[in-house]
Amino acid sequence: MGLDPATTLHDVRWGETYGDDFVWVWEISGSVPASHFATGYAEAEGWRQDPVYFPLGGSTIKGICKPGEVVWSRVFIQGGTLHADLGRASAVSLPAEESQRRSNATTPAWPIMHAVLHGVTRDQFMARHKANHLNVAYAPDAETADKALLAKAAMLSALGVEVHLCGDVPV
């Protein structure tokens, strides 16, 4: 499909209503590809990883993920079988103060994405919370993201993974 192959593995941390939307805090415990930041690494900061998580040291790249259309997925084992939840979200921009508040309330050294799920409520998302990590891939627009989601679902299904499409998915 000619898309940027860079993906990230986010921790699902928490979320709350901001304006009219429930906005999730997704963080990455390490690094993030430059293409996931609006200005590449120009505004990124290197931070020492917290010794609680990484006692041997290391660095992370702190920053805020750019706004845009994303496909999210999480793979888990249920009943001895691989399953995958897939859905769509929009990474959104929040004011700098709100981004900092959310970052400080979690792990401020880690990159953060502000995400609004498409057609999945907080309670629905958490009711299927079988894996704390989810994979995120950007697409240039909503139509392409929808196509990428369906392509990923087809590929996972062909590999024998039981696929669950979550929320507003154009099938």
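**Overall architecture and the setting of strand β8**

The protein contains three helices and nine strands. The model described here is predicted. Along the sequence, these elements follow the order β-β-β-β-β-β-α-β-α-β-α-β.

The overall dimensions were examined from the C-alpha atoms. Along the principal axes, they fill a box of roughly 40 × 35 × 35 Å. The radius of gyration is 16 Å, in agreement with the value near 16 Å that a compact globule of 171 residues would have. Of the 171 residues, 43% count as buried. Among contacts with a sequence separation of 6 or more, 70% are made by residues 24 or more positions apart.

The accessible surface amounts to about 8,500 Å², and carbon and sulfur atoms contribute 56% of this area. The charged side chains comprise 13 positive and 19 negative groups. A distance of 5 Å separates the centres of these two sets.

Strand β8 spans residues 133-139. Five of its seven residues are buried, so strand β8 is largely enclosed by the rest of the structure; a residue is counted as buried when its relative accessible area is under 20%. Strand β8 pairs with β1 (residues 7-18), to which it runs antiparallel, through five bridges. Within this pairing, His10 has Leu134 of β8 as its bridge partner. Strand β8 also pairs with β5 (residues 68-78), again in the antiparallel sense and over five bridges. Here Trp72 stands opposite Val136 of β8.

Ser31 is located in the loop that links β2 (21-27) to β3 (45-48). The relative accessible area of Ser31 is 39%, and this residue is therefore classed as partly exposed, a class that lies between the buried limit of under 20% and the exposed limit of over 50%. When residues up to four places away in sequence are left out, Ser31 touches Thr60, Ile61 and Pro111.

Notes. Residues are numbered from 1 along each chain as its sequence is written. This is a predicted model: local features need pLDDT of at least 70, side-chain atom pairs count only at pLDDT 80 or more; totals for chains, interfaces and linings use all residues. Side-chain values use heavy atoms; hydrogens and water are left out. Buried means under 20% relative accessible area, exposed over 50%, partly exposed in between (1.4 Å probe, protein chains only). Helices (H or I, at least four residues) and strands (E, at least two) are DSSP runs, numbered from the N terminus. Two strands pair if DSSP finds at least two bridges between them. The radius of gyration is taken over C-alpha atoms; the globule rule is 2.2 Å times the number of residues to the power 0.38. Contact means heavy atoms within 4.5 Å. Accessible areas come from the Shrake-Rupley method with a 1.4 Å probe; for residues, only the protein chains shown count as cover. Lys and Arg count as positive and Asp and Glu as negative; His and the chain ends are not counted. The place of a charge is taken as NZ of Lys, CZ of Arg, CG of Asp or CD of Glu.
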